[in-house]
Amino acid sequence: MEPSQVTIIGSGLIGRSWAMVFAAGGFRVKLYDIAQEQLTTALENIRKQMQEMEKSGVLKGALSAEQQLALISVCTDLKAAVEGATFIQECTPENLELKKKIFGQLDVIVGDSVILSSSTSCLLPSKLFTGLKHVKQCIVSHPVNPPYFVPLVEIVPHPETDPSTTERTYALMKKIGQSPVKLNREIEGFVLNRLQYAVISEAWRLVGEGVISPTDLDLVMSDGLGMRYAFIGPLETMHLNAEGVSSYCERYAEGMKLVLNTFGPVPEFSGETVQKVNQALSEKIPVAPKALDARRKWRDECLTGLAKLKTQMKSD
Ligand code: NAI
């Protein structure tokens, strides 16, 4: 049987990663971009990454790198790109007007069954999709960078999204080995970034107030909280750190509230603290493409190792 086809709109960092994830899942992938040279670079980059991963035994899926590459084709004609697609994942720059324009274009050329999905990190579905003829088929599938190594996908419906669109998107993400979560309604920052910003803002206040150095602050996460958070979330942590959640609340609610009441206002993320954090981080990782890329490569290797470990340690 012919594998189903998905279309990726935009072949940058996230579009490439989605293309690889879908190809690993055995899907035919059409990668669309406005710039042919961008597509050429994307294909070269995908080939290189897949070959390297195959060599080191971490390529996803049952197919070889060559077989996966053969599933990916590129296109600069939108109509041709979406023809035959059952799922379209938009990955263009984070700009509301641009994305609205693209979904407007898609709205007039697609049929009634394809899913129109956006990778947006923070634009609300009601901003992106309101007024579209095919709004019932529209949804946000927000990945985490790099999606190839970090499987979470936040699925966020528009108020008018058909429940079957949510279910189909959820099932598709599962099928390609991602880890989808469903939001019941849209909210600024979705869930991942709300949690992330809560952590960043307290980190910023602690460093800004001189309680701890930037380097030590990062260690609190990478050698402390992060160790468990790769396996269990904050709520399960509560459950396990006492005799269940109720017992945790009985024991620790007052203490938590005491601490939480000392949290400061939303930081400005400007001025002296920026310099302080930037200086500490730049000493460790100079702000130069080579150094940043080397560190990103190391991070991805760590994430690959962690993904392997998580598979070994799998439990429900
Ligand atoms: P990027 O800048 O690397 O890639 C954007 C691509 O879109 C480029 O290839 C560009 O040529 C293409 N493009 C521009 N206008 C277009 C048009 N009219 N039609 C088709 N293609 C067009 O951006 P990146 O980082 O891949 O982000 C894409 C989306 O993914 C954004 O919405 C972003 O918020 C979201 N996202 C990004 C994450 C990240 O860490 N980079 C994480 C999760 C989501």
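# Close-up views of a predicted model

View 1. The UniProt annotation "domain: 3-hydroxyacyl-CoA dehydrogenase NAD binding" (unreviewed entry) covers residues 5-184. UniProt positions are given in the numbering used here, feature names are shortened, and annotations may be inferred rather than shown by experiment. This is a predicted model, in which local features need pLDDT of at least 70 and side-chain atom pairs count only at pLDDT 80 or more, while totals for chains, interfaces and linings use all residues. Residues are numbered from 1 along each chain as its sequence is written, and side-chain values use heavy atoms, with hydrogens and water left out. Residues 5-184 are 42% helix and 22% strand, and the end C-alpha atoms of this span lie 28 Å apart. Helices (H or I, at least four residues) and strands (E, at least two) are DSSP runs, numbered from the N terminus.

**View 2. Met53 in helix α2.** Met53 belongs to helix α2 (residues 36-55). With a relative accessibility of 6%, Met53 counts as buried; buried means under 20% relative accessible area, exposed over 50%, and partly exposed in between (1.4 Å probe, protein chains only). Not counting residues up to four places away in sequence, Met53 touches Met20, Val58, Leu59, Tyr148 and Phe149, where contact means heavy atoms within 4.5 Å. From Met53 to Ala65, 12 residues apart in sequence, the C-alpha to C-alpha distance is 8.5 Å.

**View 3. Lys127 in helix α6.** Helix α6 (residues 125-129) contains Lys127. Leaving aside neighbours within four places in sequence, Lys127 is in contact with Leu96 and Lys100. Lys127 and Leu96 are 31 residues apart along the chain, and their C-alpha atoms are separated by 7.8 Å.

View 4. Val110 lies in the loop between α5 (96-109) and β5 (115-118). Its relative accessibility is 12%, so Val110 counts as buried. The residues that Val110 touches, not counting those up to four places away in sequence, are Ile88, Leu116 and His134. Val110 and Gly208 are 98 residues apart in sequence, and 51 Å separates them in space, C-alpha to C-alpha.

View 5. Asn145 and Pro146 are joined by a cis peptide bond, with omega about -10°. Pro146 sits in the loop between β6 (138-143) and β7 (152-157).

**View 6. Two phenylalanines with positive phi.** Phe190 is not a glycine, yet has a positive phi of about 50°. Phe190 is placed in the loop between β8 (179-182) and α8 (192-208). The relative accessible area of Phe190 is 0%, so this residue is buried. Phe269, also not a glycine, has a positive phi of about 55°. The loop that holds Phe269 runs between α11 (245-260) and α12 (272-284). At 39% relative accessibility, Phe269 counts as partly exposed.

View 7. For "domain: 3-hydroxyacyl-CoA dehydrogenase C-terminal" (unreviewed entry), UniProt lists residues 189-254. This stretch of the chain is 76% helix and 0% strand, with its end C-alpha atoms 28 Å apart. The 17 residues of α8 should span 24 Å at 1.5 Å a residue, which agrees with the 24 Å between its end C-alpha atoms; the expected span of a helix is 1.5 Å times one less than its number of residues. The buried residues of α8 are Asn193, Ser201, Glu202, Ala203, Trp204, Arg205 and Val207. These buried residues of α8 pack against β6, α9 and α12.

**View 8. The contact of α9 with α12.** Two packed helices are described by the angle between their axes and the distance between the axes. The axes of α9 (residues 214-229) and α12 come within 9 Å and cross at roughly 75°. That makes α9 roughly perpendicular to α12. Axes are lines fitted to C-alpha atoms, for helices over the stretch in contact, and angles run from 0 to 180 degrees between N-to-C directions; those under 35 degrees count as roughly parallel, over 145 as roughly antiparallel, 65 to 115 as roughly perpendicular and the rest as oblique. Pro214, Thr215 and Asp218 of α9 meet Lys276, Val277, Ala280 and Leu281 of α12.
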